[in-house]
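Below is a guided reading of the structure. The text starts with a term and then moves from one chain to the contacts between chains.

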Amino acid sequence: MTLLAPARTAALVVPARRRRPVRAIAWVVVTAIVVAAFWSADIGWSRLGDLPAEIVRYLGLMFSSPNWSKLPEALWQTWRSVEMAWIGTVLGILIATPLSLVAARGFGPAPVRVALRFAFSVVRAVPELVFAIIILSVTGLTPLTGALALAVGGVGTLGKWGYEAVENVAPGPIEAARAAGGLTTQVLRWGVWPQTAPTFLSFWLYRFEINVRASAVLGLIGVGGIGDMLTSYTQYREWSTVGMLLIVVVVVTVAIDAVSGRIRRRIMEGSRVR
Amino acid sequence: MTALTVPPRPKGRWMPWTAAAVIVAVTVVMCLPGFGVGLDIAAIARNWQQGAVRIVELLAPDWSFFPRTVGPLLETLQMAVIGTAVGAAISLPLSFWAARPTNPVGWTRAVLRGILNVVRAVPELVYAAVLVAIVGVGALPGIIALVLFNVGIVVKLVSETIDSSDVGPLEAGRAAGGTQSKINRSIALPDAWPAFVSQTLYVFELNVRASTVLGLVGAGGIGLLIDAVRTFYRYDQLSLIIVEILVIVVVLDTVSDAIRRRLV
């Protein structure tokens with residue numbers, strides 16, 4: 001009893017906080033980097049003061065009375081952007097799918113596999129706009145340039161997702177196809193494809209969604225499409241038309257995302273049981 | 001001797017073929033002249049040699065150009081860091097606002113999510129192009145564009161994590177008499193923290209990539225240089241810039257990947 005008595009009167013014993021030196025150092029480093037960036041950047045922060053008022057004013061200019069008379073042209077340019085995205089996706093699929101099979105462990109020779117994986121990561125690191133700048137020396141300022149740039153960019157992402165999907169399949173069906181005497185193509189058709197088809201299809205659709213966004217951006221360097229129109233009217237400072245174009249971009253992107261998202265969910269989860 | 005009973009073929013085998021036919025048809029329509037992407041094989045045949053010359057130029061980077069790229073490259077990184085920091089600071093409270101367990105008021109959640117869906121639908125370069133016309137040329141419009149882009153992504157991903165988190169601790173907090181803000185602060189925040197840090201690092205990777213091209217519309221960084229170099233057709237200098245972007249992106253991706261793997 002005498003032993004327990006002091007414990008009752010003492011304050012609640014709170015366990016000591018865990019010390020996390022690594023975390024503390026990480027915080028210091030991150031803070032230092034951010035402060036250094038703010039401090040060294042040559043930015044007219046004074047412009048930030050009247051920015052909110054300016055943005056409200058410009059939002060008013062853009063959306064108070066959008067210029068719908070330019071809508072037909074906007075829709076035509078949107079169609080060209082979607083074409084860019086579509087052709088870019090189809091070409092990307094045609095190039096990336098065979099390459100991703102070769103890059104998967106168990107199908108291609110090791111040196112080729114390493115080289116392809118390196119190429120995929122290089123392509124992913126370079127922005128699509130840079131590819132477009134290189135390609136336009138051959139195809140000129142046409143939507144085809146945009147489509148080809150998106151195709152090249154697509155090979156980087158689709159290739160990576162593809163070989164990861166092929167490597168993650170269950171080995172049983174592949175072994176069965178091999179044991180039955182299947183050639184490599186037959187192993188791919190009957191051992192790999194049935195397992196990976198839904199994944200591949202949903203990657204393709206996802207890439208199409210990415211390309212729809214990217215195609216609006218590619219217009220900025222003049223290859224046509226809605227981005228081209230948007231930069232022109234921004235430079236003319238015709239804000240009511242810019243507002244209308246932004247509405248078109250948002251509606252089209254959201255609509256395509258919604259449709260493609262539904263198809264992807266249907267592919268991955270199967271039809272509802274009736 | 002009875003024949004082997006073969007089960008009937010599954011129905012719906014026409015579906016993949018129809019889908020393939022539709023895709024081929026759409027692709028063909030899009031390649032038609034006048035209506036399509038402007039596939040002009042004659043022009044390509046005429047110009048492909050020009051392209052070959054460009055690629056040869058690309059293979060020999062002009063290393064003497066390096067000193068002039070350092071400043072713009074640093075500005076690109078500054079934009080990415082500042083954009084990520086400001087975007088993260090704005091995203092954290094908004095993520096709690098957009099998630100069900102941390103904001104029980106349904107209509108405010110719906111309003112915020114609706115706004116963010118619209119924000120996400122506009123690419124960051126389009127924001128930059130419009131903002132350059134509003135605020136003027138420089139790094140500031142680029143940073144604002146990155147912030148908008150980041151908030152759209154981070155709030156969506158983090159609020160989805162909060163939505164799918166275990167509600168037990170939150171209920172315990174409520175049972176102990178905590179107000180919603182106390183619960184968010186002391187229970188939901190530590191829970192969501194690793195996801196938040198990981199997504200912030202992820203958008204930092206995206207920002208580094210995005211900020212390299214923001215300059216093409218006048219929003220600062222190495223993109224301004226890309227634009228200058230391309231108007232003079234200096235593909236050897238462009239090639240040096242590409243190499244630099246590659247190195248920076250690969251190094252930062254590797255570092256941020258390593259940190260993220262430790263977090264999860």
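Helices here are DSSP runs of H or I with at least four residues, numbered from the N terminus. With that numbering, A:Arg237 sits in the loop between α11 (226-235) and α12 (239-269) of chain A. The model is a predicted one.

A:Arg237 is not a glycine, yet its phi is positive, at about 55°. A:Arg237 counts as exposed because it has 11 C-beta neighbours inside 10 Å, and the cut-off for exposed is 12 or fewer. In chain B, the loop between α9 (222-231) and α10 (235-263) holds B:Tyr233. B:Tyr233, also not a glycine, has a positive phi of about 55°. Its 12 C-beta neighbours inside 10 Å are why B:Tyr233 counts as exposed.

Chain B as a whole contains 10 helices and zero strands. Its radius of gyration is 26 Å, well over the 18 Å that the globule rule gives for 264 residues, so chain B is more spread out than a compact globule. Along the principal axes, the C-alpha atoms of chain B fill a box of roughly 85 × 75 × 35 Å. Of the 264 residues in chain B, 38% are buried. When contacts in chain B between residues at least 6 apart in sequence are considered, 74% of them join residues at least 24 apart.

Within chain A, helix α5 (residues 71-103) packs against helix α10 (residues 184-218) at an angle of about 145°, and the axes are 8 Å apart. This crossing of α5(A) and α10(A) is right-handed. Residues making the contact include A:Gly88 and A:Gly92 of α5(A), and A:Trp204 and A:Phe208 of α10(A). By class, the residues of the contact of α5(A) with α10(A) are 11 nonpolar, six polar and one charged.

Between the chains, 50 residues of chain A are in contact with 46 residues of chain B. On the chain A side, helix α7 (residues 128-139) gives the most, with seven residues. The side of chain A that touches chain B has 35 nonpolar, 10 polar and five charged residues.

Which residues touch the most other members of the largest nonpolar core? In this core of 131 residues, they are A:Ala132, A:Leu218, A:Leu245, A:Val249, B:Val126 and B:Ala128. Leaving out residues up to four places away in sequence, B:Val126 touches A:Ala216, A:Val217, A:Gly227, A:Leu230 and A:Val249.

How values were computed
Residues are numbered from 1 along each chain as its sequence is written. Chains are lettered from A and ligands numbered from 1 in the order in which they are written. This is a predicted model: local features need pLDDT of at least 70, side-chain atom pairs count only at pLDDT 80 or more; totals for chains, interfaces and linings use all residues. Helices (H or I, at least four residues) and strands (E, at least two) are DSSP runs, numbered from the N terminus. The radius of gyration is taken over C-alpha atoms; the globule rule is 2.2 Å times the number of residues to the power 0.38. A residue is buried if 20 or more other C-beta atoms lie within 10 Å of its own, exposed if 12 or fewer, and partly exposed in between; C-beta atoms are placed from the backbone. Two residues are in contact if their C-beta atoms, placed from the backbone, lie within 7 Å. Ala, Val, Leu, Ile, Met, Phe, Trp, Tyr, Cys and Pro count as nonpolar, Asp, Glu, Lys and Arg as charged, and the others, Gly among them, as polar. Axes are lines fitted to C-alpha atoms, for helices over the stretch in contact, and angles run from 0 to 180 degrees between N-to-C directions. A crossing is left-handed if the near helix is turned anticlockwise from the far one by less than a right angle, and right-handed if clockwise. A nonpolar core is a set of buried Ala, Val, Leu, Ile, Met, Phe, Trp, Tyr and Cys residues joined through C-beta atoms within 7 Å.
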